[in-house]
Amino acid sequence: MHRKQGLPPTTSAKIDPYALFEALTGKRIDRDAFSEASGTFAEDYDDMPDFKLGYTIGQEPQPDQPPKDSELNIGAVNPYALVEAMLGHRLDYTSTKVASVISDTLQTDYDELFDMKHDSVLYVGLQLNETERRAERLNRREIKIIQEQDLQTPDLSRVQKLGHLEQIGLKDLEQAKIKVVRLQNGKLHLVLDAQSIARTISNRAVTRTINELAVPFRVNDERSFGVPPVCAWRNIDEVTFRNYHFRNSIQNLTSNFGDGLRIGARESNGMSVFADHNPSTERFEGPIQGATSNSWLIAAIFSVFWADPTVIHQPFRGDGPKYREDENNPQPFRHDVELHDKGGRNNAPSRILHVAYEVPINKTMNEPVYCRSSGGLDYWGSLYEKAFAMWITQSDISQTVFGADRPDITATAYGDPVKAMAQIDGREPQYFFTANHHDLIGLVRHSSVNFRTKSPMVAWTHASGNMFRGANLAANHAYSILGWSNYGDRQYIIIRNPWGVTEPRGLTSYPGLLDRVEAAFWPPASLLESGGVMAIEAPYFREYFACIGRTK
């Protein structure tokens, strides 16, 4: 007779919840932080009002039919990353002056950058279908490269009368479009459209630099090897930790002369529950979109990671040698990424890709020009973005030598964020168009546990609308859905902008949007870097967003 073996009674049902959390997230948690907050969790239930559901209790909302591939061209270029790549310097995201820098560099009024109806350069390669309120692709012949001399403006120093404007080329003043007009102190202030005398970049006309950085119509030559002229292929592991040690040294020196802190001392942060939190390691480091229009992909990658970190195959940080030790046949060290066939465009047969650690690095900033991490330490997002580019272009199969490991990242421009999540986690995509579903908060709550999504969820905005006037909410742009929260009788959907930036307060206002999310309002906020994390009141969500999707 064989005795049935099992766990000893003394060890059963004794899994350490702290150890399990640390294993799943890769972060060391501060256990003392929870002992100080004992008793606060039960108090949260007192604030829960009685909500009315739009469907039968226990019944899930039914998804809509999947859209056609040609109908989904979701994506907007990250203006912060694009301008940084063009200037070769990091921007101060907390300053209101950053809007002027972006506007001047991209030659477009700030409030006109984020809506497709203004032909913004952030939607280069796309055009607005006003009837159906969606984005459509342009072909290569419709994209023009503007030369430097085409951007020169006429001399306005001697203009004193309206008639002088006609002399320099501004014809038919009576038909000129007025953007702003006001009367102040007996003076009429006008802002006129002057495209006839001053050409600017747009969705159809770009400089060669922007074309090389952001547009999937790059002019390849023997010098580029799949990257723009301002970039070079470098080992992301080496670049990341070289930058980390440099920044950490500077922070230690400044802290020593600042508030009397000893060198190497950690700064306290009431938002963090991680024991290893410091200015250089900021909680869950999410991928940040780079200088091309693949917000659909970056939002999808983070949504899968946020719902279940174990799905994402992460490399060991600081443990990626440039080459395997094989003197006779040296090969780049590679990271394995599995992607799944879901049909249609931006797709390929299911397989595991072996991704080399080299990614495009800006030569001036010494940072990735495309996907990067919010805290500067993790680089798995860069490898997943590169894997997608390799997968959909089949570059590792169809090319040899440099081309195999060096795909064109701009090939990931425009796509379907819901299908992308399914391509990553192997589940089936579900679409819920906001025009057909009124209880959107119920849908998010149905996919969440403890205010946090457990099924990966994304949403994308309408292609145009009067509310898209700033970087927090941009048209035709994909966002990760992180969970939900409530304040009194108001319920909110928590989202994350893949640009990883929240506009400085006072720059732009949005009805129903909370642009700062604290842990007291939404507990999972303590796990996140706060850039780009916002909350939208449920009734306003349909005004901004066209569709919610999830995988299941």
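This is a predicted model: local features need pLDDT of at least 70, side-chain atom pairs count only at pLDDT 80 or more; totals for chains, interfaces and linings use all residues.
Is the crossing of α4 and α5 left-handed or right-handed? It is left-handed.

Two packed helices are described by the angle between their axes and the distance between the axes.

| Item | Value |
|---|---|
| Helix α4 | residues 79-87 |
| Helix α5 | residues 98-106 |
| Angle between α4 and α5 | about 65° |
| Distance between the axes of α4 and α5 | 10 Å |

Angles of 65 to 115 degrees count as roughly perpendicular. With an angle of about 65°, α4 and α5 are therefore roughly perpendicular to each other.

**The contact**

α4 contributes P79, Y80, L82, V83, M86 and L87. From α5 come V98, V101, I102, T105 and L106. By class, the residues of this contact are 10 nonpolar and 1 polar, with no charged residue.

**Burial of α4**

α4 is mostly covered, with 7 of its 9 residues buried. The buried residues are P79, Y80, A81, L82, V83, E84 and A85. They pack against α5, but also against helix α7 (208-214) and the strands β11 (358-362) and β12 (372-373).

**The two ends of α4**

At the start of α4, N78 places a side-chain oxygen within 3.0 Å of the backbone nitrogen of Y80. G88 follows α4. The phi of G88 is positive, near 80°.

Note on methods
Residues are numbered from 1 along each chain as its sequence is written. Side-chain values use heavy atoms; hydrogens and water are left out. Axes are lines fitted to C-alpha atoms, for helices over the stretch in contact, and angles run from 0 to 180 degrees between N-to-C directions. Helices (H or I, at least four residues) and strands (E, at least two) are DSSP runs, numbered from the N terminus. Angles under 35 degrees count as roughly parallel, over 145 as roughly antiparallel, 65 to 115 as roughly perpendicular and the rest as oblique. A crossing is left-handed if the near helix is turned anticlockwise from the far one by less than a right angle, and right-handed if clockwise. Contact means heavy atoms within 4.5 Å. Ala, Val, Leu, Ile, Met, Phe, Trp, Tyr, Cys and Pro count as nonpolar, Asp, Glu, Lys and Arg as charged, and the others, Gly among them, as polar. Buried means under 20% relative accessible area, exposed over 50%, partly exposed in between (1.4 Å probe, protein chains only). A polar contact is a pair of N or O atoms within 3.5 Å; within protein, one must be able to donate a hydrogen and the other to accept it, and residues adjacent in sequence count only if both atoms are side-chain atoms.
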